[in-house]
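Hello! Here is the structure I promised to pass on to you. Have a look at it first, and then read my notes below.

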Amino acid sequence: MRTSDMPLHTLPDFPLSEHEPLSQDFLALGLRGFVDAARYVWELPYGRNSDPADFRLVLSEGRGTCWTKHALLAALARAHGQPVKLTLGIYEMHERNTPGVGAVLEHEGLSGIPEAHGYLVVHQRRVDLSRKVPAAESIAAVAVFFIEGQIEPEEIGAPQEEMLRAFIRDWAARRRLDAERIWRVREACITAAEVSRSLVRMRRPSGLQ
């Protein structure tokens, strides 16, 4: 599977139905088609929502993660019978694909650890609208995935986290590592990566995140 270098062009475009509840907030913003809705979500800042399992908060809170943003768009497409699937991919996180985590990993004596990423798949093409960066810089483009699988939008949050925990338990056991320690290192890496992204946003021109 390849990652699209033109994500919005890869998505199907269709009018949003006023009869679908998920369409209402988009229509209220003057967004009448799916690609316009996807562009709007893509341009929202990357940030954790108050409830990481509720993708409906993306518009009201004006931010989202790879999970909430893509779950919202997948649910919107599903409501209109369109083939846009939310996908979970587990990859090896390291400094080259996740700037900012290198020092944490080096301190722990690790070259990389598993992490999960959420994105859309349309006709065997990955579409990553997590952050407003060039497609070639997205996680979906630069990561090499151990596994990939479709999940439902309602499975983000605790179910999606348990999928990653199960993978880490197996990954750590095969390397005779403590899975709980690896999970703690992952949390430290996420914090370090968020700090790194904040610094990058401060240096980038307006419109890029």
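A network of salt bridges links Arg78, Glu152 and Glu154. Please keep in mind that this is a predicted model. Across the whole structure, the search gives 13 salt bridges. As background, side chains of opposite charge can pair when their charged atoms come close.

- Arginine 186 and glutamate 115 form a salt bridge, with their closest N and O atoms 2.6 Å apart. Because arginine 186 belongs to helix 9 (residues 179-203) and glutamate 115 to strand 3 (residues 113-122), this pair ties together parts 71 residues apart in sequence. Both residues are buried.
- Arginine 126 and glutamate 148 also form one, with the closest N and O atoms 2.8 Å apart. Here strand 4 (residues 125-127) holds the arginine and strand 5 the glutamate, 22 residues apart. Arginine 126 is buried at 9% relative accessible area, while glutamate 148 is partly exposed at 33%.
- Arginine 63 meets glutamate 61 in a salt bridge of 3.4 Å, N to O. Arginine 63 is partly exposed, and so is glutamate 61.

Now for the rings. Tryptophan 183 has the charged end of arginine 186 over its ring, 4.4 Å from the centre. Arginine 165 lies over the face of tryptophan 183 too, 3.9 Å from the ring centre.

Which residues do ring pairs link into a cluster? They are Tyr91, Tyr119 and Phe145. Tyrosine 91 is buried, with a relative accessible area of 4%, and phenylalanine 145 is buried at 14%.

Happy exploring!

Technical notes: Residues are numbered from 1 along each chain as its sequence is written. This is a predicted model: local features need pLDDT of at least 70, side-chain atom pairs count only at pLDDT 80 or more; totals for chains, interfaces and linings use all residues. Side-chain values use heavy atoms; hydrogens and water are left out. Buried means under 20% relative accessible area, exposed over 50%, partly exposed in between (1.4 Å probe, protein chains only). Rings of Phe, Tyr and Trp (its six-membered ring) pair if their centres lie within 6.5 Å; planes under 30 degrees apart count as stacked, over 60 as edge-to-face and the rest as tilted. A charge sits over a ring if NZ of Lys or CZ of Arg is within 6 Å of the ring centre and within 35 degrees of the ring normal. A salt bridge is a side-chain nitrogen of Lys or Arg within 4 Å of a carboxyl oxygen of Asp or Glu. Helices (H or I, at least four residues) and strands (E, at least two) are DSSP runs, numbered from the N terminus.
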